[in-house]
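Here is a short briefing for a first look. Have the sequence and the model open side by side.

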Amino acid sequence: MAKKPDTASRIADNKKAAFNYFFEEKYEAGMVLQGWEVKALREGKVQLTDGYVVVKDGELYVIGCQINPLRSASTHVSPDAVRTKKLLLHKEEIKRLVGKVEQKGYTLVPLNLHWKDGKVKCEIALAKGKAEHDKRSTIKDREGKREVERAMKSRTR
């Protein structure tokens with residue numbers, strides 16, 4: 001019997017996170033979702049840019065991840081687009097992250113949502129905030145790369 005190909009595919013990315021933070025470590029966590037949320041994710045009705053991860057009672061939760069309900073949502077379900085969603089990680093990993101987050105300057109940010117073996121996974125990162133001059137250097141590097149690409153493109157014509 002042939003193996004199925006890897007079905008990991010991106011649902012949504014948090015592009016702002018890479019601009020605002022330095023990533024120290026990355027983790028992949030499961031998410032506790034309702035049925036209407038999974039259907040909306042299949043349609044790509046999600047926004048991660050304002051999301052962040054908090055620790056409550058030794059558990060991790062994503063706040064600010066907005067999943068917009070579909071118009072064809074069931075009548076007996078009252079969808080809440082900005083519902084707090086629980087993340088699933090091993091207890092040792094959560095303890096380790098809690099210890100790091102209590103240190104000054106560290107936070108947890110969601111990087112992306114993706115499918116893995118038919119389940120929704122959230123990639124989170126232990127991150128440290130960038131200073132203003134770091135953000136400026138990021139912009140400068142990005143613009144420099146664009147200029148080089150433009151020059152190479154015009155040169156090949």
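The sulfur of Cys-122 lies 7.0 Å from the closest cysteine sulfur, which belongs to Cys-65. That is too far for a bond. The model is a predicted one.

**Cysteines**

- A disulfide is a covalent bond that links the sulfur atoms of two cysteines.
- To count here, two cysteine sulfur atoms must lie within 2.5 Å.
- Seen from Cys-65, the closest cysteine sulfur is in Cys-122, at 7.0 Å, so the gap is too far for a bond.
- The count of disulfides is therefore zero under the 2.5 Å rule.
- Cys-122 is buried, with 0% relative accessibility.
- Cys-65 is buried as well, at 1% relative accessibility.

- Cys-122 sits in β9, where it stands opposite Leu-113.
- β9 covers residues 119-129.
- β8 and β9 run antiparallel, joined by 10 bridges.
- On another pairing, β8 meets strand β1, residues 9-13.
- β1 and β8 also pair in the antiparallel sense, over four bridges.
- In that pairing, Asp-13 stands opposite Asn-112 in β8.

**The hairpin turn**

- β8 and β9 form a hairpin, with two residues between them.
- Asp-117 is in the turn of this hairpin.
- The phi of Asp-117 is positive, at about 55 degrees, although the residue is not a glycine.
- Most residues other than glycine have a negative phi.
- Is Asp-117 buried or exposed? Asp-117 is exposed, because its relative accessible area is 61% and the exposed class begins over 50%.

- Asp-57 is another residue other than glycine with a positive phi, near 55 degrees.
- Where is Asp-57 found? Asp-57 lies in the loop between β4, residues 52-56, and β5, residues 59-63.
- Asp-57 is exposed, with a relative accessible area of 80%.

**To take away**

- Cys-122 and Cys-65 have their sulfurs 7.0 Å apart, too far for a bond.
- β8 pairs with β9 over 10 bridges and with β1 over four.
- Asp-117 lies in the loop between β8 and β9, and Asp-57 in the loop between β4 and β5.

Definitions and conventions. Residues numbered from 1 in each chain as written. Predicted model: local features only at pLDDT ≥ 70, side-chain atom pairs only at ≥ 80, totals over all residues. Heavy atoms only, no water. Pairing = 2+ DSSP bridges. Buried < 20%, exposed > 50% of the residue type's maximum accessible area, 1.4 Å probe, protein only.
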